[in-house]
Amino acid sequence: MESTTGRLYFEMPQNKKLNRWIEYVCSASVVTDTATGRSLILTAAHCVYDDVNKSFAQDVWFVPRLLDTTGSSDAFGCDQALGCWSADYGVVDSRWTTTRWPNNIAWDYGFYVVASTGNHLAVSGAGGVDSLEQSTGTLGITWSAPSTNAHAAAIGYPYNYDPQLKYCEETLTTTNANINWWLPSCTMAGGSSGGPWLQPISSGNGSVISVNRWGYARKPGMAGPKVNGTSA
């Protein structure tokens, strides 16, 4: 789990008409994909596509295993993690693009595709090979419904603990008329969006059932979209 989960750096438009873009961060994980020649990153749709400005992110970089860093000498931490991988393109559900929050929260999951060659930036001190999934390993996605009577863990890189990897673990529930999965006591902040939810959990690993989607500013709680039975 620690090697498969990382941070996304990307830009979204502040004002698309004036070509002004600003930097954002999210979390993400490398998931199992049977196709050859590529790796697949799972995150939240709002880390891939801006539903207000109607634009995909640009200049997208994924940095796995940032927990190994101790204060980087480069912008992303590539020199102390496994390196950085650039994304070729992003994929989201069309209903995320044609509606706006909160009407599209059910489809807040997305993917980035990374080619197995030519996308790896490994500066001095970093290891790994060109293929992202070979460097990090992968997490499987559970396509059946998870149990609301068992613990689930949400993983991510919240900005208030930068650059530490954090998690919440408690009994899984639902919210918003059962649209979202819900962890009622989770207090991870922004930056953790897109990080994986795992169930069952064994020795720090598990299968992905959702991703960090949203939480409240002044009280605990973290929501995650359902990937089972959906277009994910």
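Two strands are taken to pair if DSSP finds at least two bridges between them. On that basis, this predicted model contains an open sheet of 4 strands in the order β13-β14-β18-β17, with antiparallel pairing. Its edge strands are β13 (173-175) and β17 (214-215), each of which pairs on one side only. Within this sheet, β13 and β14 are joined in the antiparallel sense over 3 bridges. Threonine 175 stands opposite asparagine 180, a residue of β14.

## Overall composition

The protein has 2 helices and 18 strands. It comprises 232 residues, of which 50% count as buried. Among contacts between residues at least 6 apart in sequence, 64% join residues at least 24 apart.

## The sheet containing β11 and β12

Another open sheet is formed by 4 strands in the order β12-β11-β15-β16, again with antiparallel pairing. Here the edge strands are β12 and β16 (205-211), and each pairs on one side only. From one strand to the next, the twist averages 30 degrees. Strand β11 (residues 151-156) is connected to β12 by 6 bridges, and the two run antiparallel. Histidine 151 stands opposite threonine 171 of β12. Strands of a sheet pair through backbone hydrogen bonds, either parallel or antiparallel.

## Strand β6 and its partners

Strand β6 (residues 58-64) is mostly covered, since 5 of its 7 residues are buried. It is joined to strand β1 (residues 5-15) by 5 bridges, in an antiparallel arrangement. Glutamate 11 stands opposite glutamine 58 in β6. Strand β6 is also joined to strand β7 (residues 84-86), here by 2 bridges and likewise antiparallel. In β7, tryptophan 85 is the bridge partner of phenylalanine 62.

## Disulfides

The structure holds 2 disulfides. The table sets out their geometry.

| Cysteine pair | S to S distance | Torsion about the S-S bond |
|---|---|---|
| Cysteine 26 and cysteine 47 | 2.1 Å | about -80 degrees |
| Cysteine 168 and cysteine 186 | 2.1 Å | about 65 degrees |

The torsion of about -80 degrees makes the disulfide of cysteine 26 and cysteine 47 left-handed. This pair links distant parts of the chain, 21 residues apart: cysteine 26 lies in strand β2 (residues 20-31), and cysteine 47 in the loop between β3 (38-43) and β4 (49-50). Residues count as buried under 20% relative accessible area. Cysteine 26 is therefore buried, because its relative accessible area is 4%. Cysteine 47 is buried as well, because its relative accessibility is 0%.

For cysteine 168 and cysteine 186, the torsion is about 65 degrees, so the disulfide is right-handed. This pair also links distant parts of the chain, with its cysteines 18 residues apart: cysteine 168 belongs to strand β12 (residues 166-171), while cysteine 186 sits in the loop between β14 (180-183) and β15 (196-202). Both cysteine 168 and cysteine 186 are buried.

In soluble globular proteins, nonpolar side chains tend to be buried together. The largest nonpolar core in this model has 44 residues, and Leu8 and Phe10 touch the most other members. At least two residues of this core are supplied by each of β1, β2, β3, β6, β7, β9 (110-115), β11 and β16. Setting aside residues up to four places away in sequence, phenylalanine 10 touches Ile22, Glu23, Tyr24, Val25, Cys26, Cys47, Ala57, Gln58, Asp59 and Val60.

A second, separate core consists of 11 residues, including Cys168, Leu172, Cys186 and Met188. Two of these, cysteine 168 and cysteine 186, are the partners joined in the right-handed disulfide.

## Threonine 97 in helix α1

Threonine 97 is located in helix α1 (residues 94-98). A polar atom of the threonine 97 side chain lies 2.7 Å from the backbone oxygen of serine 94. Apart from its neighbours within four places in sequence, threonine 97 is in contact with Tyr49, Lys54 and Val92.

Key: Residues numbered from 1 in each chain as written. Predicted model: local features only at pLDDT ≥ 70, side-chain atom pairs only at ≥ 80, totals over all residues. Heavy atoms only, no water. Disulfide = S-S within 2.5 Å. Buried < 20%, exposed > 50% of the residue type's maximum accessible area, 1.4 Å probe, protein only. Polar contact = N/O pair within 3.5 Å; in protein donor to acceptor, adjacent residues only side chain to side chain. Contact = heavy atoms within 4.5 Å. Axes fitted to C-alpha atoms, helices over the stretch in contact; angles between N-to-C directions. Core = buried A, V, L, I, M, F, W, Y, C linked by side-chain atoms within 4.5 Å.
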